[in-house]
Amino acid sequence: MKLIWLFPVAFIVHDAEETLTVKSFLNAHRHEPPFSSLPISQMTKGTFGVSVLLILLVIVGLCSYITKNRHSGQPLFLLLASTLFMNGVTHVLQALYFRGYTPGVATAVLIIFPYSIWVWRSMNKVHGVKLAKYLAAGMVLQIPLAVGALIAGSLLL
């Protein structure tokens with residue numbers, strides 16, 4: 001139970017870092033790919049914050065479902081943890097690409113990675129090919145979730 005409800009906490013801390021730093025980062029890199037082809041000037045801390053809030057509401061709803069349905073909810077929880085982990089990997093890859101700090105990279109390394117490893121170790125049956133499948137699904141899922149939340153956030157403000 002504790003493991004499940006630490007997920008939204010890890011998400012909040014991670015996305016607080018992103019929310020506080022994303023606008024200045026995007027402004028500094030607006031002429032570089034991939035940002036040069038995106039309408040980043042339209043994004044504000046408010047639209048980003050609303051997007052994060054929408055994702056948090058979904059996460060809390062899913063954690064509630066998983067808590068009530070522990071056995072049947074385990075695959076969903078593993079998918080959530082894997083999606084969060086792969087989001088962290090994305091931040092590290094961005095930091096390598098930009099050769100420096102990127103929003104979210106600090107909490108990815110300090111919070112997201114240890115938390116995800118704790119989740120997988122707590123669920124003894126998750127390793128090898130099974131874990132690779134969850135990670136692949138997490139990598140794919142994080143993109144439409146983030147883009148969808150950003151679009152929804154911009155439509156709400």
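Me: Arg99: buried or exposed?
Reply: Arg99 is exposed, because its relative accessible area is 79%. Buried means under 20% relative accessible area, exposed over 50%, and partly exposed in between (1.4 Å probe, protein chains only).

Me: What ground rules apply here?
Reply: This is a predicted model: local features need pLDDT of at least 70, side-chain atom pairs count only at pLDDT 80 or more, and totals for chains, interfaces and linings use all residues. Residues are numbered from 1 along each chain as its sequence is written, and side-chain values use heavy atoms, with hydrogens and water left out.

Me: Back to Arg99. Where does it lie?
Reply: Arg99 is in the loop between H3 and H4. Helices (H or I, at least four residues) and strands (E, at least two) are DSSP runs, numbered from the N terminus.

Me: And what is its phi?
Reply: Positive, about 55°, although Arg99 is not a glycine.

Me: Which side chain does the Glu32 side chain make a polar contact with?
Reply: That of His29, at 2.8 Å. A polar contact is a pair of N or O atoms within 3.5 Å; within protein, one must be able to donate a hydrogen and the other to accept it, and residues adjacent in sequence count only if both atoms are side-chain atoms.

Me: Switching to the core. How many residues has the largest nonpolar one?
Reply: The largest nonpolar core has 34 residues. Phe7, Phe77, Leu78, Leu84, Tyr115, Val119 and Trp120 have the most contacts inside it. Two or more residues come from each of H1, H2, helix H3 (70-98), helix H4 (105-122) and helix H5 (128-156). Such a core is a set of buried Ala, Val, Leu, Ile, Met, Phe, Trp, Tyr and Cys residues joined through side-chain atoms within 4.5 Å.

Me: What does Phe77 touch?
Reply: Beyond four places in sequence, Phe77 touches Leu3, Ile4, Phe7, Ile66, Tyr115, Val119 and Met123. Contact means heavy atoms within 4.5 Å.

Me: And Ala10, buried or exposed?
Reply: Buried, because its relative accessibility is 5%. Ala10 lies in helix H1. Outside four places in sequence, Ala10 contacts Leu84, Ile111 and Ile112.

Me: What lines the largest pocket?
Reply: 46 residues line the largest pocket, and Phe48, Ile143, Ala146, Val147 and Leu150 are the closest to its centre. H5 gives the most to the lining, with 11 residues. The lining divides into 32 nonpolar, 12 polar and 2 charged. Here Ala, Val, Leu, Ile, Met, Phe, Trp, Tyr, Cys and Pro count as nonpolar, Asp, Glu, Lys and Arg as charged, and the others, Gly among them, as polar.

Me: How is a pocket defined?
Reply: On a 1 Å grid over the protein atoms alone, using a 1.4 Å probe, a pocket is an open set of points with protein on both sides within 12 Å along at least five of seven lines; lining residues have an atom within 4 Å of a point.

Me: Phe48, then. Which residues does it contact?
Reply: Leaving aside neighbours within four places in sequence, Glu18, Thr19, Val22, Met43 and Leu150. Phe48 sits in helix H2 and counts as buried because its relative accessibility is 10%.
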